Amino acid sequence: MTWIKQNKFLTGFLIVMLAGVGAFGWLLFSAKGKYDDAAAAYETQKNDRNRLHNLVPYPSAVNLKTLQEEKAQAVEAIDSLQKSLAANQLPLEAITPEKFQDDLRTAVNEVKGLAGPRIPPGNKFYLGFDKYETAPPDKDATGPLARQLKTIVWVIEKFIDANAIEIRELKRDELPEEAGRAKTAKEEKTAAGSRSRTDKGTPKGDAGGKPLVTKSGFDLTVLADQEAIRKALNAIVASTEHFLIPRVVEIRSDNPKAPSRGGELGAPEPAPAAPPGTAPNPAGAAAGEKFIVGEERVILNLRLEAANFADVASK
C-alpha cells in the first residue's frame with residue numbers, strides 16, 4: 001500500500017493498461033469467434049456448391065413415378081378426345097375404283113332426281129367429280145373420295161329439303177390422296193431434312209407420322225329465300241355425323257338494284273268497291289298492296305371444310 005501511495009501515477013497507468021489489455025483481449029476473442037463462424041459458414045456453402053455442381057441431375061423415384069402417371073393421363077385424355085372427334089365423321093370404306101364410279105353415277109342421278117328444276121338446264125353438275133366420270137380414281141384415294149362424296153351429297157340434300165330455289169355451282173378441292181403417294185428419293189430426303197430441322201425427326205401426328213387432323217373443302221353456290229338458307233345452315237352445323245366448318249358464308253341479294261316504291265313494282269291496285277249498304281272492307285283496301293322489302297331472294301356462296309380425324313383406336 002505504501003508503494004501504491006508513493007507511485008500513484010504508475011499505479012493508475014498500470015490499472016488503465018490492464019483494463020485496456022482486457023478490453024482488447026475481449027474484442028480480439030469476439031472477432032476471432034465471428035471469424036470462425038463466418039469461415040465455417042463459408043466452408044459449408046462452398047462444399048454444398050461443389051457437391052451440387054458435380055452432382056448428376058436425376059429425378060427421385062417418387063417424382064419420376066408422378067411424372068410418368070401424369071404423362072399417361074395426358075396421353076389417355078388426348079386419345080379419348082381424338083376418338084370422340086373421330087366418331088363425328090363417316091368411316092372410311094374399302095371400295096374398288098370401279099365401285100366408286102358406280103356409286104358416283106348413282107349419287108349424281110339421285111341428286112338430280114331430287115333437285116329436279118333446282119339444277120339449271122345445261123349444268124352438268126357432276127358433284128365436283130367430273131374427272132371420274134370416265135376414268136377411275138387411284139386405288140388409295142377411293143376411300144377418302146367416297147367419304148367426301150357422301151358429305152357433299154348430304155349437304156346438297158339439306159338445301160333441297162329446305163326448298164332452295166336453285167343450286168347453281170359446286171366446286172371441290174382435290175384430296176391429297178388423289179395426287180398419289182409416290183415420291184422421289186429427293187422429295188423424301190428433303191421432307192426428312194425439314195422434319196429434322198423443325199422437330200428433330202419426329203413428325204407431327206401419331207406414332208406412324210400420320211396427321212391427326214386433315215381437311216377437305218368445297219364451295220357451293222345456292223339461290224334461295226332467307227328462311228331456306230337459315231334452315232339448311234342450321235342443319236349443317238348441328239350435324240353429329242359430319243364435322244363441317246363454314247369457312248366462308250357470303251349472302252347477297254339476287255337483285256342488287258334497290259326496289260322503288262311505285263315504278264318497278266307498280267302502284268297498288270285499287271280495292272274492289274263495297275256492295276251497296278255495306279261498310280268498306282279495310283282488308284280489301286290492302287289486298288292489292290305489294291311488299292317492297294322482305295321477299296327478296298338471296299344468293300349464298302358457301303365454303304365448307306370437312307375435318308377428318310385419324311382413328312387412334314388401332315394404335
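Student: Which residues line the largest cavity?
Tutor: The model is a predicted one, in which local features need pLDDT of at least 70 and side-chain atom pairs count only at pLDDT 80 or more, while totals for chains, interfaces and linings use all residues. Residues are numbered from 1 along each chain as its sequence is written, and side-chain values use heavy atoms, with hydrogens and water left out. A cavity is a set of points, on a 1 Å grid over the protein atoms alone, where a 1.4 Å probe fits but cannot get out, and a lining residue has an atom within 4 Å of a point. By that test, the lining of the largest cavity consists of Gln-89, Leu-90, Arg-147, Thr-151, Glu-241, His-242, Phe-243, Leu-244, Ala-306, Ala-307 and Asn-308.

Student: Which element gives the largest share of the lining of the largest cavity?
Tutor: Two or more lining residues come from each of α5 (142–161) and β4 (297–309), where helices (H or I, at least four residues) and strands (E, at least two) are DSSP runs numbered from the N terminus. The largest share is 3 residues, and the element that gives it is β4.

Student: How many residues of the lining of the largest cavity are charged?
Tutor: Asp, Glu, Lys and Arg count as charged; Ala, Val, Leu, Ile, Met, Phe, Trp, Tyr, Cys and Pro count as nonpolar, and the others, Gly among them, as polar. The lining has 5 nonpolar and 4 polar residues, and the number of charged residues is 2.

Student: What volume does the largest cavity have?
Tutor: The structure holds 1 cavity of 30 Å³ or more. Grid points are joined across faces, edges and corners, and the volume is the space filled by probe spheres set on the points. For the largest cavity this gives about 70 Å³.

Student: Which residues does the network of salt bridges containing Arg-303 join?
Tutor: Arg-303 is buried, at 16% relative accessible area, and Glu-305 is buried at 9%. These two form a salt bridge, with their closest N and O atoms 3.9 Å apart. Through shared partners, salt bridges join into one network Asp-173, Lys-215, Asp-219, Arg-247, Arg-303 and Glu-305.

Student: Which residues form one aromatic cluster?
Tutor: Rings of Phe, Tyr and Trp (its six-membered ring) pair if their centres lie within 6.5 Å, with planes under 30 degrees apart counted as stacked, over 60 as edge-to-face and the rest as tilted; the structure holds 2 such pairs. Phe-100 and Phe-129 have ring centres 6.0 Å apart and planes at 70°, so they are edge-to-face, and this pair ties together parts 29 residues apart in sequence, because Phe-100 lies in helix α4 (residues 97–115) and Phe-129 in the loop between α4 and α5. Phe-100 and Tyr-132 are likewise edge-to-face, because their planes stand at 85° with the centres 6.0 Å apart. The cluster is formed by Phe-100, Phe-129 and Tyr-132.

Key. A salt bridge is a side-chain nitrogen of Lys or Arg within 4 Å of a carboxyl oxygen of Asp or Glu. Buried means under 20% relative accessible area, exposed over 50%, partly exposed in between (1.4 Å probe, protein chains only). On a 1 Å grid over the protein atoms alone, a cavity is a set of points where a 1.4 Å probe fits but cannot get out, and a pocket is an open set with protein on both sides within 12 Å along at least five of seven lines; lining residues have an atom within 4 Å of a point.
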